[in-house]
Amino acid sequence: MSISEKNWKGSVDMLFIEYPRCTTCQKAKKWLDAHNIQYTSRHIVDDNPSYEELKTWYERSGMPLKKFFNTSGRLYKEMHLKDKLPEMSEEEQLKLLASNGMLVKRPIFVDESFVTTGFREREWEERI
């Protein structure tokens with residue numbers, strides 16, 4: 001069932017975490033608006049997700065923790081995290097993510113039934 005076929009009421013409980021200058025976030029936001037999906041927007045740097053939020057979202061998502069890292073970001077590369085992450089515990093990785101919003105993959109879309117990182121239109125159409 002596509003978004004247009006759903007009886008969508010929207011919920012302000014949906015959280016859209018973004019970095020406004022990120023072009024992927026801009027595309028995702030445009031997609032949400034075009035589908036009349038209500039959400040609360042949150043700036044990923046000004047209001048970085050906490051350790052507790054990230055842990056909850058990670059567990060709910062069913063995705064590997066690495067999917068929460070902005071692997072194409074400058075900070076990720078400067079910190080050589082590609083080599084360091086495999087040696088770090090899950091707790092250490094979550095604490096690292098909570099330390100700086102620029103390390104976190106964006107956008108993050110959170111609602112009561114799922115969590116997703118990045119923007120893949122087909123996936124969003126199936127899940128949202």
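1. In this predicted model, Arg74 and Glu78 are joined by a salt bridge whose closest N and O atoms are 3.0 Å apart. Both residues belong to helix 3, where they stand four residues apart, about one turn of the helix. Arg74 counts as exposed, because its relative accessibility is 64%. Glu78, with a relative accessible area of 48%, is partly exposed.

2. The side chains of Glu91 and Lys95 meet in a salt bridge of 3.0 Å, N to O. The two residues are four places apart in helix 5 and are therefore separated by about one helical turn. An α-helix has 3.6 residues a turn, so residues three or four places apart point the same way. Glu91 is partly exposed at a relative accessible area of 41%, and Lys95 is likewise partly exposed, at 48%.

3. The whole structure contains seven salt bridges. One of them pairs Arg42 with Glu53, the closest N and O atoms being 2.7 Å apart. This pair links distant parts of the chain, since Arg42 lies in strand 2 and Glu53 in helix 2, 11 residues apart. Arg42 is buried, with a relative accessibility of 12%, whereas Glu53 is partly exposed at 25%.

4. Asn48 is situated in the loop between strand 2 and helix 2. Asn48 is buried, because its relative accessible area is 18%, which is under the 20% limit. A polar atom of the Asn48 side chain lies 3.1 Å from the backbone nitrogen of Gly101. Beyond residues up to four places away in sequence, Asn48 touches Arg42, His43, Glu53, Leu97, Ala98, Ser99, Asn100, Gly101 and Val104.

5. Not counting residues up to four places away in sequence, Arg106 touches Ile17, Tyr19, Cys22, Thr24, Cys25, Ile44, Asn70, Gly101 and Gly118.

6. The peptide bond from Arg106 to Pro107 is cis, with omega near -5°. Pro107 is placed in the loop between helix 5 (90-99) and strand 3 (108-110).

7. Ile17 belongs to strand 1 (residues 15-18) and is buried, at 0% relative accessibility. The C-alpha atoms of Ile17 and Ser41 are 5.9 Å apart in space, although the two residues are 24 apart in sequence. Leaving aside neighbours within four places in sequence, Ile17 is in contact with Arg42, Ile44, Pro49, Trp57, Arg106, Pro107 and Ile108. These contacts include both residues of the cis peptide bond, Arg106 and Pro107.

8. Asn36 has a positive phi of about 55° and lies in the loop between helix 1 (23-34) and strand 2 (40-43). Asn36 is exposed, with a relative accessible area of 63%. His80 also has a positive phi of about 55°; His80 is found in the loop between helix 3 (74-78) and helix 4 (81-84).

9. The count of aromatic pairs comes to nine. One aromatic cluster is formed by Phe16, Trp31, Tyr39, Phe109, Phe114, Phe119 and Trp124.

Conventions
Residues numbered from 1 in each chain as written. Predicted model: local features only at pLDDT ≥ 70, side-chain atom pairs only at ≥ 80, totals over all residues. Heavy atoms only, no water. Buried < 20%, exposed > 50% of the residue type's maximum accessible area, 1.4 Å probe, protein only. Polar contact = N/O pair within 3.5 Å; in protein donor to acceptor, adjacent residues only side chain to side chain. Contact = heavy atoms within 4.5 Å. Phe/Tyr/Trp six-rings, centres within 6.5 Å; stacked < 30°, edge-to-face > 60°. Salt bridge = Lys/Arg side-chain N within 4 Å of Asp/Glu carboxyl O.
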